[in-house]
Amino acid sequence: MTHSPNHTDSPNHTGGAPRSLAVVGGGVIGLTCALAALDAGRPVHVYDAGADGRAAWVAAGMLGSLAEGHPGEDELLRLSVASVRRWRVLIARLGDPAVLAAADSLFVAASSTDAEHLATLAEFVWARQPRATDDLRRVDLAEIRRLEPTLSSRMHSGFLAVGEGAVDNRRLLTRLRDAFVAGGGQIVEERVDDLAGLDVDDVLVAAGLGTRALLPEIELHAAKGEILRLHRTRWSVPGPERVIRARVHGRSVYLVPRHDGIVVGATQYEPYDEQSVAPEVGGVTDLLADASELMPGIRTYELTEAGAGLRPCTADGLPIIRRVDERVVVATGHGRNGILLAPYTADTVMAVLDGATTDHDQVAASTGGVKR
Ligand SMILES: Cc1cc2nc3c(=O)[nH]c(=O)nc-3n(C[C@H](O)[C@H](O)[C@H](O)COP(=O)(O)OP(=O)(O)OC[C@H]3O[C@@H](n4cnc5c(N)ncnc54)[C@H](O)[C@@H]3O)c2cc1C
């Protein structure tokens, strides 16, 4: 098939008909954008090469905007805050409240040094997002114990981030596919090697690290991450209700609730030689040691999966969402935040596809006044 676009009429329509769209990549970014385009009335095909190397399947699913506020990453903080606000709408669209795995996050420091580190991050967020003082507040050990009694009594202090939780990423991917197919979208389980062969008006390349093979001018590198999935048995102590993001002896570890257990993550090796994506003994050992110190009762859980994935990263830490040429748009490079940033990305992609000169600034600002 060869491509024969008709670039007359409007950005949305070709000769009166809605413009067709091929989305290359069926990860969280591709599917979220595909659903948005379908809802906007476009005929949409998603082409996907399969689950191997799909970072969205491996991920923990945290929606951490305040948690992701690191000094020097002002723009990423802004995009993240804008995207968290959009999550409620996306979950309502999917019609399955159980996609949301936790509503809030609790940050915990194991020592006074770890507490200083967390305080530096919080100060940065408050300076850049003054309204966040309502949503991110200090908690002492007594409150940590009251909120999450299964955490160790040897923690130091922490912060509570209200309204910043997590989704069950695997359930999310299933629901996105279900909604897309139910709405008339087509999924083609095929790797795309040549964008020119797609017989559509517009193409969105959202293929994570696979984007590099299709658009060599897009520079990405991989950051490997190891992650564990634990299953609760009838003998296990109850898991946390919130996302627990901890700093333990200078290392980060998180516990993310699932209906049947806990996800423990994650290491980060960046940049990484992409030849081996198997989890390493050292990474798994560190995660288990830190998680056990944080929540001693975690020893009563079954370790059902030790996984590893590659985050598609850019040099500046910001996603690449832009037009490549008159037919092709790209959305990739979401690094450690692709799930969090999916709804924001879909809105930006739609604006770019529709011909607006929209960039991150305009789309992020478009919800600037909305309190989540
Ligand atoms: C250990 C770990 C933990 C993480 N935790 C979080 C978290 O808590 N919160 C968060 O927001 N993010 C998290 N992330 C990051 C997140 O997973 C990624 O940012 C996100 O998955 C990127 O989405 P994507 O759709 O761009 O890429 P992917 O999810 O990798 O999907 C890309 C898809 O494109 C397909 N593809 C590739 N090439 C082609 C081709 N040529 N033709 C057709 N299809 C193709 C692949 O088969 C794949 O299905 C984590 C990542 C890791 C590794």
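Reader: Which residue just after α1 takes a positive phi?

Author: Gly41, with a phi of about 100°. This is a predicted model, in which local features need pLDDT of at least 70, side-chain atom pairs count only at pLDDT 80 or more, and totals for chains, interfaces and linings use all residues. Residues are numbered from 1 along each chain as its sequence is written, and side-chain values use heavy atoms, with hydrogens and water left out.

Reader: How many residues of α1 are buried?

Author: Buried means under 20% relative accessible area, with a 1.4 Å probe and protein chains only. In α1, 10 of the 12 residues are buried, so the helix is largely enclosed by the rest of the structure. Among them are Val28, Ile29, Gly30 and Leu31. Across the 372 residues of the protein chain, 54% count as buried.

Reader: At what angle do α1 and helix α6 pack?

Author: Two packed helices are described by the angle between their axes and the distance between the axes. Here α1 and α6 (residues 169-182) pack at about 30°, and their axes lie 10 Å apart. Axes are lines fitted to C-alpha atoms over the stretch in contact, and angles run from 0 to 180 degrees between N-to-C directions. Angles under 35 degrees count as roughly parallel, and α1 and α6 are therefore roughly parallel to each other.

Reader: Which residues in α1 meet α6?

Author: Contact means heavy atoms within 4.5 Å. Val28, Leu31, Thr32, Ala34, Leu35 and Leu38 in α1 meet residues of α6 including Leu172, Arg177 and Phe180.

How values were computed: Buried means under 20% relative accessible area, exposed over 50%, partly exposed in between (1.4 Å probe, protein chains only). Helices (H or I, at least four residues) and strands (E, at least two) are DSSP runs, numbered from the N terminus. Angles under 35 degrees count as roughly parallel, over 145 as roughly antiparallel, 65 to 115 as roughly perpendicular and the rest as oblique.
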